[in-house]
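Hi,

Here's the structure I said I'd pass on.

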Amino acid sequence: YCIGKSDLSETYLNIPTIIHIAKSCHCDALHPGYGFLSENPALVKACNEAGIIFVGPEANVMQVMGNKVEARDFVSSVGVPVTKGLSGNTSEILEKVDKIGFPVLVKAAGGGGGKGMRIVNDKGKLADALEAASREATNYFADGTVYIEKYLEEPRHIEFQILGDNFGNVVHLFERECTIQRRYQKIIEEAPSPTLTPELRSRMGNAAVAIGKAISYSGAGTIEFLVDKDLNFYFLEMNTRIQVEHPVTELTTGI
């Protein structure tokens, strides 16, 4: 089906067009893939209104987990550890940053992929970093909200694949380690992780499932964690979609 010949806003990001085509060919369900609208709550709402099953989580789940500040608060309420962090305006963050200590990471609340992210090693550079990160976040995500969190030295980046159904059941399909990165972009995905002990793998898997159950997750999703040199783990973010690296999980689990 041709969805147009112009730019992305008129084709792959055009929800009314996609819904129109889905209805015209009597689609029962729509799977969003892993780019474009795959984490856009507006598509979920449009599917619900059109009587089309959206293969993935509900819109409110995307909204909570798509905002890093909200996601951190939610995960903390479930009892899963997060790194120390601060949100608010620049003056509030500057006033309270000493409670966290340097170095810190400045991050965009509404985005990912390293966009808007900066490492700051001393207080004198923090205000400029907050402003620059906010500008970049506005350009990329149309949301200039930023926050800071404690920067972990030489962390391991490990993500757990979860699957949820529509009846409250959630399982995990173990982990992928993606510590080897360039400019915050993952280069190598490794499974099983060479970092995790069996005991830590069990605790992190249980934490991932607890998050999924608490938010009534359905479909495929990924819980990302950081692991420090003492093997303490911290929630980083959740991707409310299937990821391009899922074939690594398929190869190691057969699922």
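Below is what I found in it, going from the whole chain down to single residues.

One thing to keep in mind throughout: this is a predicted model.

**The chain as a whole**

The protein chain has 8 helices and 12 strands. For 255 residues, a compact globule would come out near 18 Å in radius of gyration, and the chain's 19 Å agrees with that. If you're setting up a box, the C-alpha atoms fill roughly 60 × 45 × 30 Å along the principal axes. Buried residues account for 44% of the chain. Among contacts with a separation of 6 or more, 56% are between residues 24 or more positions apart.

**Cysteines**

How many disulfides does a search of the whole structure find? The count is 0. Cys-2 is in no disulfide, as the nearest cysteine sulfur belongs to Cys-25 and is 14 Å away. Cys-2 is also exposed, at 60% relative accessible area. The cut-off for a disulfide is 2.5 Å between the sulfurs. Cys-27 itself is partly exposed, with 32% relative accessibility.

Ala-109 is in the loop between strand E4 (104-108) and strand E5 (118-120). Leaving out neighbours within four places in sequence, Ala-109 touches Gly-66, Asn-67, Lys-68 and Val-69, plus Thr-145, Val-146 and Tyr-147. Ser-193, by contrast, is 84 residues from Ala-109 in sequence and 28 Å from it in space, C-alpha to C-alpha.

Thr-222 belongs to strand E11 (residues 219-227), and its 0% relative accessibility makes it buried. Glu-159 is 63 residues away from Thr-222 in sequence, but their C-alpha atoms are 6.4 Å apart. With neighbours within four places set aside, the contacts of Thr-222 include Glu-159, Phe-160 and Gln-161, as well as Arg-176. Further along the chain, Glu-237, Met-238, Asn-239, Arg-241 and Gln-243 are also in contact with Thr-222.

Phe-102 and Pro-103 are joined by one, with omega about 0°; Pro-103 lies in the loop between helix H5 (90-96) and E4. The bond from Ala-191 to Pro-192 is cis too, with omega near -5°, and Pro-192 falls in the loop between strand E10 (185-186) and helix H7 (198-214).

Which non-glycine residues have a positive phi? Ser-216 is one of them, at about 55°. Ser-216 is found in the loop between H7 and E11 and counts as exposed, with 55% relative accessibility. Leu-231 is another, with phi about 65°. Leu-231 lies in the loop between E11 and strand E12 (233-239), and at 29% relative accessibility it is partly exposed.

Cheers

Key: Residues are numbered from 1 along each chain as its sequence is written. This is a predicted model: local features need pLDDT of at least 70, side-chain atom pairs count only at pLDDT 80 or more; totals for chains, interfaces and linings use all residues. Side-chain values use heavy atoms; hydrogens and water are left out. Buried means under 20% relative accessible area, exposed over 50%, partly exposed in between (1.4 Å probe, protein chains only). Helices (H or I, at least four residues) and strands (E, at least two) are DSSP runs, numbered from the N terminus. The radius of gyration is taken over C-alpha atoms; the globule rule is 2.2 Å times the number of residues to the power 0.38. Contact means heavy atoms within 4.5 Å.
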